[in-house]
Each structure stands twice: as structure tokens, then as C-alpha cells.
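Please look at the sequence and the 3D structure together before reading on. The notes that follow are grouped by topic.

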Amino acid sequence: MPSDTPQPAFVLVRPQMGENVGAAARAMWNFGLDRMRIVAPRDGWPNPKAVAMASGAGRLLDEARLAEDLAGAIEDCDFVFATTARPRELTKPVYSPEAAMKLAAEKIAAGEKVAVMFGPERAGLENEDIARANAIISVPVNPEFASLNLGQCVLLTAYEWRRQVTEVAPVVTGLGKSDWASHADVDALVNHYEDRLDDAGFFFPPDKAPSMKTVFRNMFSRMPLTRADVQMLHGIMRQMVRWKEKRD
């Protein structure tokens, strides 16, 4: 059965190839969406090519709602978006995918049912289809090559939906098996290096040594070091000192 997660329904209007329907199902499930509706598929339904292409998301195809016409597919919806890459003569609000899915999330949270329509591969939605929508989603594609594959368009919209309902950190650093070094860890490392560099006569002349040490310490404070990094740097210095003592 479909998941209990509140979400928009994705309506594939007169899709032409089973492979693209399968790709759309896979794209939806990548981002936790499983409410697919299919309107008058050209090659009939069910479609074995769609199942093969879904690759693990076949459940969406099994549970997809099949409709003979668009009116029947969206009759229970309170708000409907139509996706298109081409300018239209119809007067409707036009949203970016991000803004559209933000609005969809707000409406669904308020208890409304929302659908997003995707047109057939060759020419997209007709004006008659778009006339049934409350708003348009326009993807900022290259005007010289505006055609988006059905699966691509579904993937893009599903991704924007996921961004609106899931906490997504813009940057995450993978620490592996280590943790970030503490100030104490870094302080001990700097002291270790300062002592050995003092022995080597690096901080010269003496009157410039304090400012050189400040710059040296500031350099380390800017580095996002892990404890493993600190251990490695301690080991490098110890080995260099041992090598120097052996040569002497």
C-alpha cells in the first residue's frame, strides 16, 4: 500500500513509452513519493517495459491509479500544478519548481490535496490540459533545447519536494572514524611544533619571533582539523626529529 506520508500526486498524462513511466516511478521513489496516477498511456497498461525500468520501484506501478482522462485523474484534488518548459498564452501564476513545491507543502499541511501534471514525451501538456491547472511549474531550461525527458522532469520536481519537507544540510563533512579536534588538541599540536621549530632556529630573528608564532598559531586555527589529522601531524614532527638525530 502507498505510504502514509502526506504528499502530492504525480499525474502522468498520456505517457508514450513504458520505459519513461518506469523511470518516473524510480525517480519518485528516490525521494519518497509513491502516489502515481496515469492517464491514457499510449501503449496500454500494465506495461512490462515500465516494470523493467522501475528497478526496485515497481510497487508504485502496481499501485498507480489509472484514469481514462485527465478530468478523472484530478477530480479529487484541490490544487493542481502543470509542468511545462514552453511559454503559454494562458494567464496563470508561474512558479519555479522550488517555489511550487514549497506551496504544495503548505497546502498539503493545511489538509488540501495537490497534484502535479506531467505531459507526454513528444510535446508535453496541451493547452486544454493546462487549462485545468491552477498554476504552472516552469523549469529554467536552455531555451535552445527546452525538451525534458519525462523521467528527468519528475526527478527534478520530486527532488524539490524532498527539499521542502526534509531537513537538508547544504554542506556535510564526512569524518570517517574520527572526530573534530578540540581546541586543546590543536593547542598541544601547535606547542609541539613551536618547541621543535624553536630548537631548529626557525623563529629568527628573535625580535620577530613573537609575531611569527602568532601567525603560525593563527594558521592552525583556520584549519578544520580532525583528531586523526592532529595525530598524524604529531607523528610527522616526531619522525623528522628522530631522523635528524640519527643523521647527527
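A residue is called buried when its relative accessible area is under 20%, exposed when it is over 50%, and partly exposed in between, using a 1.4 Å probe and protein chains only. The structure is a predicted model, in which local features need pLDDT of at least 70 and side-chain atom pairs count only at pLDDT 80 or more, while totals for chains, interfaces and linings use all residues. Residues are numbered from 1 along each chain as its sequence is written, and side-chain values use heavy atoms, with hydrogens and water left out. Helices (H or I, at least four residues) and strands (E, at least two) are DSSP runs, numbered from the N terminus, and contact means heavy atoms within 4.5 Å.

- Helix H1 covers residues 18–30, and its 13 residues should span 18 Å at 1.5 Å a residue, which agrees with the 19 Å between its end C-alpha atoms; the expected span is 1.5 Å times one less than the number of residues.
- The buried residues of H1 are Gly18, Asn20, Val21, Gly22, Ala23, Ala24, Ala25, Ala27 and Met28, and what covers them includes strand S1 (9–13), strand S2 (36–39), helix H2 (48–54), helix H3 (58–63) and helix H7 (150–165).
- Just after H1, Gly32 has a positive phi of about 80 degrees.

**Two helix pairs**

- Helix H5 (residues 97–109) and H7 have axes that come within 8 Å and cross at roughly 55 degrees, where axes are lines fitted to C-alpha atoms, for helices over the stretch in contact, and angles run from 0 to 180 degrees between N-to-C directions.
- That angle makes H5 oblique to H7, given that angles under 35 degrees count as roughly parallel, over 145 as roughly antiparallel, 65 to 115 as roughly perpendicular and the rest as oblique.
- In the contact of H5 with H7, the residues of H5 include Pro97, Met101 and Ile108, and those of H7 include Leu156, Trp161 and Val165.
- The residues of this contact of H5 with H7 divide into 8 nonpolar, 2 polar and 4 charged, where Ala, Val, Leu, Ile, Met, Phe, Trp, Tyr, Cys and Pro count as nonpolar, Asp, Glu, Lys and Arg as charged, and the others, Gly among them, as polar.
- Helix H8 (residues 183–199) and helix H9 (residues 209–221) pack at an angle of about 140 degrees, and their axes are 10 Å apart.
- By class, the contact of H8 with H9 has 7 nonpolar, 1 polar and 5 charged residues.

- Gln7 is in the segment before S1 and counts as buried because its relative accessibility is 11%.
- Leaving out residues up to four places away in sequence, Gln7 touches Gly32, Leu33, Asp34, Arg35, Ile108 and Trp161.
- Thr226, in the loop between H9 and helix H10 (227–247), counts as buried at 11% relative accessibility.

**Backbone details in loops**

- The loop between S2 and H2 holds Pro46, and the peptide bond from Trp45 to Pro46 is cis, with omega near 5 degrees.
- Ala40 is found in the loop between S2 and H2; its phi is near 45 degrees, a positive value in a residue other than glycine, and at 32% relative accessibility Ala40 counts as partly exposed.
- Pro205 lies in the loop between H8 and H9, and the peptide bond from Phe204 to Pro205 is cis, with omega near 0 degrees.
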